[in-house]
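I opened the model to look up its sheet and one of its pockets. My entries are below.

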Amino acid sequence: MTATGEKSALRTVLVTGVAGFIGSHTAAALLKRGSAVVGVDDLSQGCRDRVPPGVTFHQLDIRRSGDLDRLLADRPVDAVVHMAAQVSVTAGERDPGHDREVNLDATAELARLAARRGVGVFVFASSAAVYGDPAQLPLTESSPANPRSAYGLHKWLAELYVAHVARQAGMRHVNLRLANVYGPGQQARSDGGVIAAFLDRLAAGEPLVLHGDGRQTRDFIYVGDVVEAVLAALEGRGSGTFNVSSGRETDLLTLIRHLAALVQQEPRVIHADPRPGDIRRSVLDPAAAMRDLGWSPRVSLEEGLALAWKHHPRRTQ
């Protein structure tokens with residue numbers, strides 16, 4: 001893998017969801033490597049001020065395929081990094097039709113447009129939610145997909161569409177099944193994520209809201225490591241589907257203990273009912289990405305939490 005900061009062979013990259021959490025970090029890394037970045041976001045969840053300087057920004061809805069096609073026709077791109085999504089499992093359960101339109105239909109159409117316009121590589125940000133509640137851990141890419149939420153279902157079907165369209169057109173594709181991503185700049189309201197929600201409440205001096213008994217587990221992966229996986233996927237040669245994860249299973253009670261040590265006080269905790277669609281246990285095996293993409297997770301949970309807390313905009317201590 002090319003080190004961050006080294007000049008990239010990819011001249012122009014389209015990043016959807018560029019005003020979002022992961023998309024903005026990805027765009028910044030691509031600019032640093034010398035690529036031109038065309039960014040797309042409808043700003044329904046993202047923030048305009050998160051778009052890095054140097055990005056050619058277009059405010060448009062990815063469901064408007066005609067607008068996207070004109071954009072690709074006006075400025076041909078070498079690669080697409082598709083980050084735009086409806087990111088909330090809970091919202092997806094409330095309105096599965098909207099979730100399908102954004103996470104499945106728009107993804108499939110963008111893949112078709114990219115293939116038709118001669119894009120070389122299509123990188124799709126999928127999710128660990130495709131696995132659902134597993135019978136065996138850790139999860140590998142050959143583990144059965146068994147999503148228990150509309151969000152997970154539509155992400156899985158979108159992977160299949162991307163792979164199908166890419167094979168038909170000879171376009172290289174990489175589906176990245178992201179574990180629970182966290183880090184600086186994440187916003188609980190628009191980006192989701194239990195760590196962002198907990199940090200917001202710690203910064204405001206409010207109690208943490210814990211849905212369920214706290215023994216549910218997640219695989220937390222730092223956003224900088226995710227960006228490195230995206231870059232490795234762009235610069236690689238093959239196609240496929242890969243877990244992007246730490247490979248470490250952490251329950252939410254342990255997460256709260258890490259946060260207590262970080263802020264040097266015991267936070268108050270309020271227990272609430274489990275949320276529909278939430279899975280009980282999750283940990284992904286990143287061995288395939290390490291082997292085939294030359295990528296590996298570098299930032300520990302303790303280090304990543306410290307960085308996220310250090311850069312929290314409302315932190316007072």
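These entries cover the basis, the sheet, a helix and a pocket.

Basis. I am working from a predicted model, where local features need pLDDT of at least 70, side-chain atom pairs count only at pLDDT 80 or more, and totals for chains, interfaces and linings use all residues. Residues are numbered from 1 along each chain as its sequence is written, and side-chain values use heavy atoms, with hydrogens and water left out.

Sheet. I looked up the strand order and found seven strands in an open sheet, S3-S2-S1-S4-S5-S6-S11, with parallel pairing. Strands are DSSP E runs of at least two residues and helices are H or I runs of at least four, numbered from the N terminus; two strands pair if DSSP finds at least two bridges between them. S3 (56–59) and S11 (240–244) are the edges, each with a single partner strand, so one side of each has no neighbour in the sheet. The twist averages 20° from one strand to the next.

I then checked S4 (residues 79–82) against S5 (residues 121–127): four bridges join these parallel strands. Val80 is opposite Phe122 in S5.

Helix. H4 (residues 96–116) lies across S1 (12–16), S4 and S5, at about 170° to S5. Axes are lines fitted to C-alpha atoms, for helices over the stretch in contact, with angles from 0 to 180 degrees between N-to-C directions; contact means heavy atoms within 4.5 Å.

Pocket. The second largest pocket is lined by 13 residues, with Gly185, Gln186, His311, His312 and Pro313 nearest its centre. A pocket is an open set of points on a 1 Å grid over the protein atoms alone, for a 1.4 Å probe, with protein on both sides within 12 Å along at least five of seven lines; lining residues have an atom within 4 Å of a point. Helix H7 (residues 194–204) gives the most to this lining, four residues.
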